[in-house]
Amino acid sequence: MSFPNSIVAWRSPAAGGAVVDVLQSSPTLLQYLTNDASANDGRRPPSSHRRLFIMFPGNPGIVQIYQDFCNSLETHRFDVLVMGFAGHSLTDLNAGRVFGLSDQVDVADSFVAALLNRNSQQKYNGNVFVGGHSIGAFVALQMVARYPSVKKYFGLCPVISRIKDSPNGLKMPFVVSRMAQLCLAVVAALLALLPYRLRFLLITRHEPNLTTSFSDSLARHFHRKCLVNMFYMSMTEFCMLLQPDAPLLKFVQERLVMYYVKKDDWAPPAYAEEINALCPRLSAFVMEEDDAVPHAWCLRNSETVIKNAILRFC
């Protein structure tokens with residue numbers, strides 16, 4: 001039986017009480033898992049699924065982008081939670097505060113800690129997985145290192161090193177400039193002043209593969225601080241993601257599944273081969289054979305990624 005997904009707000013004890021959106025594969029899943037165990041005594045679980053997949057998004061960390069992924073993975077009998085990034089919600093949940101990559105890792109750490117409890121142990125019996133798309137793979141990598149009870153990690157087009165030297169990074173040296181950040185903030189403020197119809201037109205022209213409902217949500221609710229947070233987080237990514245973290249990768253390599261696509265200007269094949277050579281005991285290394293699957297696979301290729309990168313190794 002398939003359940004309707006839903007989005008709820010969750011307050012972290014980290015990063016000054018940052019609030020994030022969480023996309024859940026069934027309406028009461030997050031509440032059930034984070035309840036005190038005694039509060040669930042005699043209560044029916046929100047689903048009968050015996051595997052939990054905790055997902056961290058790319059930048060922008062807007063959970064609505066991953067609804068197809070959530071729906072598709074749930075049909076394969078996974079419970080799914082997608083934690084959005086602080087400051088990236090379509091509605092301003094944090095009073096305009098700005099968060100960097102380190103803050104997002106702290107929030108993710110508190111999120112995983114809240115989930116790995118007696119409830120999840122009883123329901124999933126150790127079948128808890130973490131995954132990340134793009135920069136979310138860097139966040140998820142920190143989690144698998146910190147929590148030995150996480151069974152396996154899935155890096156989906158993982159951006160975990162050398163982002164500044166990637167083909168896209170070389171086109172964007174301005175990202176690390178404070179002046180550029182200020183200019184982008186001004187542009188974001190001006191965009192917010194545009195009428196709804198014009199914002200909707202700009203969104204659909206720029207990314208025609210978005211669903212109409214998601215494009216409508218972006219046009220109606222997308223606020224200035226969301227853009228500012230995306231740009232600021234990008235700046236911190238460029239500063240933090242340098243050489244591959246060899247000690248960390250080697251420490252957890254037996255639990256890592258690394259999935260790459262052939263045409264990726266954020267995580268190009270040369271980066272994939274570097275990680276594969278660095279970690280000879282990876283759980284799995286996958287280079288997608290379908291050339292049509294892009295870095296932004298979450299827009300229309302979720303089922304392909306689930307089939308080739310996740311189901312084969314769970």
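Helices α3 and α10 are roughly perpendicular to each other, a label given to angles of 65 to 115 degrees, whereas angles under 35 count as roughly parallel, over 145 as roughly antiparallel and the rest as oblique. Their axes come within 8 Å and cross at roughly 95°, with α3 spanning residues 101–115 and α10 residues 224–240. Axes here are lines fitted to C-alpha atoms, for helices over the stretch in contact, with angles running from 0 to 180 degrees between N-to-C directions. Helices (H or I, at least four residues) and strands (E, at least two) are DSSP runs numbered from the N terminus. The model is predicted, so local features need pLDDT of at least 70 and side-chain atom pairs pLDDT 80 or more, while totals for chains, interfaces and linings use all residues. Residues are numbered from 1 along each chain as its sequence is written, and side-chain values use heavy atoms, leaving out hydrogens and water.

At the crossing, Leu-101, Ser-102 and Gln-104 of α3 meet Met-233, Thr-236, Glu-237 and Met-240 of α10, contact meaning heavy atoms within 4.5 Å. These residues divide into three nonpolar, three polar and one charged; Ala, Val, Leu, Ile, Met, Phe, Trp, Tyr, Cys and Pro count as nonpolar, Asp, Glu, Lys and Arg as charged, and the others, Gly among them, as polar.

Beyond its neighbours within four places in sequence, Phe-111 is in contact with Trp-10, Val-22, Leu-30, Ile-54, Leu-81 and Met-83.

The loop between β4 (79–83) and α3 contains Asn-94, which counts as buried at 6% relative accessibility; the cut-offs are under 20% for buried, over 50% for exposed and in between for partly exposed (1.4 Å probe, protein chains only). Ala-95 lies in that loop between β4 and α3, but is exposed at 77%, and its phi is near 55°, a positive value in a residue other than glycine. Arg-77, in the loop between α2 and β4, has a phi near 65°, also positive, and is partly exposed at 43%. Finally, the peptide bond from Asn-59 to Pro-60 is cis, with omega near 15°.
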